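I opened the file and kept notes as I went. The entries follow the order in which I looked things up.

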Amino acid sequence: MHDSVIDRLNDTLKELYHQAIDADKKLAVLRAKGQAKFSAVLREDSQFTTHADHFMPYVAELAEELEMLSSSSEAEYQALLARMVHKIQLLATTLGQFMRLQ
């Protein structure tokens with residue numbers, strides 16, 4: 001049961017990885033024009049420990065959490081899974097909104 005969840009999360013992280021590459025390229029272009037002058041992509045209360053001005057470090061944090069999830073005990077699994085799903089939803093929403101910006 002957990003293996004199929006881990007596989008699905010891994011597929012989702014691969015999608016987020018590619019979206020983050022595109023978003024970080026867009027950020028670089030905006031910064032070259034003197035725009036996108038913020039210090040963090042996500043708010044401090046986002047449950048991420050990462051605070052970065054581009055997207056890829058957030059994907060890296062999720063990849064680390066996926067490793068922890070795959071080796072977690074049954075007791076830890078549900079809490080780690082819930083936190084990870086919340087963070088994935090937040091990052092996916094933010095990436096989607098950012099990429100729709102003109």
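**Entry 1: terms and ground rules.** I began with the salt bridge, which is a side-chain nitrogen of Lys or Arg within 4 Å of a carboxyl oxygen of Asp or Glu. Side chains of opposite charge can pair when their charged atoms come close. The model is predicted, so local features need pLDDT of at least 70, side-chain atom pairs count only at pLDDT 80 or more, and totals for chains, interfaces and linings use all residues. Residues are numbered from 1 along each chain as its sequence is written, and side-chain values use heavy atoms, with hydrogens and water left out.

**Entry 2: the chain as a whole.** I looked up the secondary structure and found 3 helices and 0 strands. Helices (H or I, at least four residues) and strands (E, at least two) are DSSP runs, numbered from the N terminus. The pattern along the sequence is α-α-α. Along the principal axes, the C-alpha atoms fill a box of roughly 50 × 25 × 15 Å. I noted that 36% of the 102 residues count as buried. Buried means under 20% relative accessible area, exposed over 50%, and partly exposed in between (1.4 Å probe, protein chains only). Of the contacts with a separation of 6 or more, 63% are between residues 24 or more positions apart; contact means heavy atoms within 4.5 Å.

**Entry 3: salt bridges.** How many salt bridges does the rule give? The count comes to 4. I looked up Glu 65 and Arg 83, whose side chains meet in a salt bridge at 3.7 Å, N to O. Glu 65 counts as buried because its relative accessibility is 9%, and Arg 83 counts as partly exposed because its value is 32%.

Glu 65 also forms a salt bridge with Lys 87, at 2.3 Å from N to O. Here too helix α2 is linked to helix α3, by residues 22 apart. Both Glu 65 and Lys 87 are buried. I wrote down that salt bridges with shared partners join Glu 61, Glu 65, Arg 83 and Lys 87 into one network.

Lys 87 forms a salt bridge with Glu 61 as well, where the closest N and O atoms are 2.6 Å apart. Lys 87 lies in helix α3 (residues 74–100) and Glu 61 in helix α2 (residues 56–70), 26 residues apart. Glu 61 is buried, as is Lys 87.

**Entry 4: Leu 13.** Is Leu 13 buried or exposed? Leu 13 is buried, because its relative accessible area is 6%. I placed Leu 13 in helix α1. Leaving aside neighbours within four places in sequence, Leu 13 is in contact with Val 59, Leu 62, Ala 63, Leu 66, Met 84 and Ile 88. I also checked Phe 98, which is 85 residues from Leu 13 along the chain; their C-alpha atoms are separated by 18 Å.

**Entry 5: Asp 7.** I looked up Asp 7 and found it in helix α1 (residues 2–32). Asp 7 counts as partly exposed because its relative accessible area is 49%.
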